[in-house]
Amino acid sequence: MGNKILIIVMYLVVFSGCKSSINCKLEDIDGIYFKGFDQLKINKIAVKDLKDQTNNFEYSNPVFDTTDFGFNELKINQLSANAIKNGFEITINDSLKYKITDAKMEEVYMERKTMWGKKIYGCGLKEYKLNDSLIQTQGVILISK
């Protein structure tokens, strides 16, 4: 009987603590995806913040995670995520340049409900501009070669 009560209390804490709406921030993005760079070894990725000139940095010999879709994912740090908010220029191997601006987040329904019928939401990247062309997305910044 004690275990059943404990389980019920745990469910109440988990499901009552779920937010039905959420404040979406660009700083929550934690990766940039690369597609079509299989034949080109990426030795260096430099990021230049377009508004904050002190927020420039680079990844030397970056380590990528491969996704199920065949993209290479670069996990980024908090400084990189702040650059997304301001807009940034990313340079690959000192030659390929891409400008990312006007990123916008949106609240996304997570297809779940609590036991009280409350919908649960998360955040996703809605759109951004890649070299001044609007890209509507399913939650990722994707750079294609």
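Student: Over which residues does pLDDT stay under 50?

Tutor: Good place to start, since this is a predicted model. pLDDT is the predictor's confidence in each residue, from 0 to 100. Here it stays under 50 over residues 1-19. For that stretch the model has 14 contacts beyond four places in sequence.

Student: Where in the protein is confidence lowest, and where is it highest?

Tutor: Helix H1, residues 2-16, has the lowest confidence, with a mean of 44. Strand E6, residues 88-92, has the highest, at 94. For the protein as a whole, the mean pLDDT is 78, and 77% of the residues reach 70 or more.

Student: Now the fold. How many helices and strands are there?

Tutor: The protein has 2 helices and 10 strands. To see their order, read along the sequence: the pattern is α-β-β-β-β-β-α-β-β-β-β-β.

Student: What share of contacts joins residues at least 24 apart in sequence?

Tutor: Take the contacts between residues at least 6 apart in sequence; 59% of these join residues at least 24 apart.

Student: And what percentage of the residues count as buried?

Tutor: A residue is called buried when its relative accessible area is under 20%. By that cut-off, 34% of the 145 residues are buried.

Student: How many cavities of 30 Å³ or more does the structure hold?

Tutor: Here is the general idea: rolling a probe the size of a water molecule over the atoms shows where empty space is left. In this structure there is 1 cavity of 30 Å³ or more. The largest cavity has a volume of about 30 Å³.

Student: Which residues line the largest cavity?

Tutor: You can find them in the structure above: Ile-32, Val-47, Tyr-59, Leu-74, Ile-76, Ser-80 and Phe-88. Sorted by class, this lining has 6 nonpolar residues, 1 polar residue and no charged ones.

Student: How much space lies in the largest pocket?

Tutor: A cavity is a space the probe cannot get out of, while a pocket is open. The largest pocket holds about 240 Å³ of space. Its lining consists of 15 residues, and those nearest the centre are Cys-123, Gly-124, Leu-125, Gly-139 and Val-140.

Student: Which strands each supply at least two residues of that pocket's lining?

Tutor: Look for strand E1 (31-35), strand E7 (96-113) and strand E8 (119-130). By class, the pocket lining divides into 7 nonpolar, 5 polar and 3 charged residues.

How values were computed. Residues are numbered from 1 along each chain as its sequence is written. This is a predicted model: local features need pLDDT of at least 70, side-chain atom pairs count only at pLDDT 80 or more; totals for chains, interfaces and linings use all residues. Side-chain values use heavy atoms; hydrogens and water are left out. On a 1 Å grid over the protein atoms alone, a cavity is a set of points where a 1.4 Å probe fits but cannot get out, and a pocket is an open set with protein on both sides within 12 Å along at least five of seven lines; lining residues have an atom within 4 Å of a point. Grid points are joined across faces, edges and corners, and a volume is the space filled by probe spheres set on the points. Ala, Val, Leu, Ile, Met, Phe, Trp, Tyr, Cys and Pro count as nonpolar, Asp, Glu, Lys and Arg as charged, and the others, Gly among them, as polar. Helices (H or I, at least four residues) and strands (E, at least two) are DSSP runs, numbered from the N terminus. Contact means heavy atoms within 4.5 Å. Buried means under 20% relative accessible area, exposed over 50%, partly exposed in between (1.4 Å probe, protein chains only).
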